[in-house]
Structures are given as C-alpha cells and as structure tokens.
Amino acid sequence: DLDSALASYLTSTNARNLPGQNTDAVKSLYNLYKQEFKRNAKSLADDQQRLAAFTETLSAITDQYRKGQQTFTLGLNEFSDRTADELSKYRGAQAP
C-alpha cells in the first residue's frame with residue numbers, strides 16, 4: 001500500500017543520505033498514489049505537472065523526515081499532487 005511504500009522510501013532515502021531523489025522510486029510512489037486516489041490525468045502535460053507537484057510534496061516530507069525527532073507525522077494525501085496555486089484556492093486565498 002501507499003503508506004508502506006512511503007515508509008520504505010523514507011527509510012531507504014534517509015539511510016543512504018541521498019542529496020536528491022531516486023526518480024524510479026518517486027515514479028513508483030506516484031503511480032501507487034494515482035491508484036489509491038483514483039487520479040487520471042487529462043493529458044501527458046497534466047500528468048507531468050502533477051508528478052512535479054507530487055515530487056515537491058515528497059521532497060518536503062523527506063526533508064522533515066531527515067531532520068528526525070518530529071512531534072508530528074507527514075504523509076501523502078489527496079492534495080499531494082496539487083500545485084501551490086490549486087492549494088491556495090482550497091485554503092480560501094484569492095489571487096492578486
């Protein structure tokens with residue numbers, strides 16, 4: 001499942017102390033994410049945009065995980081492939 005795959009990814013990434021992310025592992029997580037949240041991209045460009053947003057979210061999670069000793073848990077959810085603009089609309093922000 002997605003939660004187990006994310007935990008495995010974080011453990012593996014932290015153990016290797018990688019500066020970047022393994023593209024194949026990120027794509028595998030993204031594909032699991034799309035299955036779990038029933039995401040269907042409208043086009044290849046849309047899928048690439050969603051993957052980029054997902055990768056940013058995953059990077060933020062990885063950065064926090066590497067810091068260790070957190071009093072909170074981060075994970076993937078239905079908003080993990082949303083762009084910053086899309087998220088601001090969900091939060092009620094209005095574009096200037």
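Analyst: The following account goes through the salt bridges pair by pair and then turns to the nonpolar core.

The model is a predicted one. In one of them, K34 pairs with D47, with 3.3 Å between the closest N and O atoms. This pair links distant parts of the chain, since K34 belongs to helix α2 and D47 to helix α3, 13 residues apart. Both partners, K34 and D47, are buried.

A further salt bridge joins the side chains of R39 and D81, at 3.0 Å from N to O. R39 is in the loop between α2 and α3, whereas D81 is in the loop between α3 and α4 (84-90), so this pair ties together parts that are 42 residues apart in sequence. D81 has a relative accessible area of 1% and is therefore buried, the limit being under 20%.

Within helix α3, R50 and D46 lie four residues apart, about one turn of the helix. Their side chains meet in a salt bridge of 3.6 Å, N to O. R50 is buried at a relative accessible area of 13%, and D46 is buried at 14%. Together with E86, D46 and R50 are linked in a network of salt bridges.

As for the nonpolar core, the largest one comprises 13 residues, and L6, Y9, V26, L29, F54, L58 and L76 have the most contacts inside it. Helices α1 (2-16), α2 (23-36) and α3 (44-67) each contribute at least two residues to this core. Helices α2 and α3, which supply residues to the core, also hold K34 and D47 respectively.

Terms used. Residues numbered from 1 in each chain as written. Predicted model: local features only at pLDDT ≥ 70, side-chain atom pairs only at ≥ 80, totals over all residues. Heavy atoms only, no water. Core = buried A, V, L, I, M, F, W, Y, C linked by side-chain atoms within 4.5 Å. Buried < 20%, exposed > 50% of the residue type's maximum accessible area, 1.4 Å probe, protein only. Salt bridge = Lys/Arg side-chain N within 4 Å of Asp/Glu carboxyl O.
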